[in-house]
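User: I am new to this structure and would like to understand the terms used to describe it. Please take me through them in order.

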Amino acid sequence: MRKLSLIAVFLYAATSLIAQKLPEMRYTIDMTQSTDTFNITLYPGKLKEASTFQFASTAPGTYQTMNIGRLISDFEAFDKKGKALEVEKLSVNQYKISDPRKVHKLTYKVAETFDTPLSEYPIYPMAGSSLEEDHALINVHTMLGYFHGLQKSPLTLTLKGRDGWEVGTALSEDKGVYKATDYDHAVDSPILLGKLTRASTRIADTEVVIYTYSQNDKISSDRLLESMSSMLQATRDFLIDLPVDRYTFLYHFATDTRGATGAWEHSYSSEYTLIENDFNTPQQVQAVTDIASHEFFHIVTPLNIHSEIVEEFNFVKPTPSVHLWLYEGVTEWASNILLYRAGELTLDEYLMGSVRQKILVNQQVFNSDWSLRKLAEESFTTEGSRQYGNIYFKGSLIGNLLDIRLLELSDGKMGLRELLLDLIEKYGKGKPVSEATFFDDLAAMTYPEIRQFFDDYVLDNKELPLSEYFAKVGIQIEGTLVKKMEEMSPAQERLFEIWSKNLER
Ligand SMILES: [Zn+2]
């Protein structure tokens, strides 16, 4: 007993020593001065050597170049007496402060991304920022930076919004101040403020909260929750346990989102910037559920299972991970097939909606000569950003093929879902997969043939054997038709039944 408590005291002392070394970054985001521009103040505590202040060149899960420094103006540093210190702009995203020991506070302005024209590398709205009379959207990487060496400093956020604004975020709050364990955690936690509606529910042990801004009050959180409940339950059935205690959906509906819409995943939340409509046709409702299903499933990958490139995120230089096939492709596959397996989609809806659509878009919209490896490696380039969208189509088809191949090799005992469940057990936050050896590791966890599968269809660009593989589970691809075969062999019949359900675990 005594030894244990001594160890505990020692550990506590050791961790508080580490914590003491890193000063707390106290940020204020002022949204009351004007629309379209955020006014930022940072009290960085006592700085030592840290002198380079960094804005994000990209952000996790976006796979795009952003160069946030483009939006920054009036960057100034002051000492305790309010005297301006010398500041030098080193590059688009970096400022150097001549004497960091004297810094008392930094102030600067940030243009919102929605209404700021950018000639190259446009920033998608879901990863951007907006500030209007009745609401604001904050993605932390679009306005806050960090000192080199202090990416792990804890930070606090004081949000000065207009009177009566509600705040939706996964960050915890204490007396009006929001806290993040470090810069990465803050970037992982978008904030929606303004005239919002709120709704919440519980899925098993997970509390789910929805905040919604709807420009003309057409879509409420209650209505969204009602339409998403069965999807949330289906995800839980697929995963058995949801790996989060609390999850927040942030919805931003506007009549104009500058030609782009989308959603972005985070560890404890996801955020949606979508066109506001009447939300009263099955198609309108299904479109929102589909995208929410995809983002919610990201709690598995990359937010839980990812390589060390994602684990230690590099905000200075965009660094691609070859395992994009898993992060986006498998996520898209899972978020679709789990709805079919839960009975939310009929077989016909799944095959003709999801599978057929992926086949057509891969063939007709994108350059199908690009391998999934190339999509990953080139995603930060201009041409790469044009082809990037195919990861949701070709990548999802890879999910289908891998699932069927695993079911075949295991004689129906293990599909891709079961492999994901094994990966959740084996890896997770703080325990990344190896960027270099993950394909071999997956083959070791499954079958040697799986290594060849990755060589052929992820690293190389062999033509996808769609007809051949789908036939193994009794599904026929003929022209633009994807349908269940009228006559199946007993082996096909059996594998079709297994493929159609979540296996017992
Ligand atoms: Zn995604």
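Analyst: The protein holds 15 helices and 23 strands; helices (H or I, at least four residues) and strands (E, at least two) are DSSP runs, numbered from the N terminus.

User: Why is the protein called as compact as a globular protein of its length?

Analyst: The radius of gyration, taken over C-alpha atoms, is set against the globule rule, 2.2 Å times the number of residues to the power 0.38. For 505 residues the rule gives 23 Å and the protein has 24 Å, which is close, so the description applies.

User: What is the basis of these values?

Analyst: The model is predicted: local features need pLDDT of at least 70 and side-chain atom pairs count only at pLDDT 80 or more, while totals for chains, interfaces and linings use all residues. Residues are numbered from 1 along each chain as its sequence is written, and side-chain values use heavy atoms, leaving out hydrogens and water.

User: What share of the residues is buried?

Analyst: Of the 505 residues, 54% are buried, that is, under 20% relative accessible area (1.4 Å probe, protein chains only).

User: What share of the contacts with a separation of 6 or more joins residues 24 or more positions apart?

Analyst: Such pairs account for 68% of those contacts, where contact means heavy atoms within 4.5 Å.

User: Which domains are assigned?

Analyst: The assignment, automatic or from a database, gives domain 1 (22-183), domain 2 (196-293) and domain 3 (300-505). The centres of domain 1 and domain 3, taken over C-alpha atoms, are 37 Å apart. Their contact takes 17 residues from domain 1 and 14 residues from domain 3.

Methods:
Buried means under 20% relative accessible area, exposed over 50%, partly exposed in between (1.4 Å probe, protein chains only).
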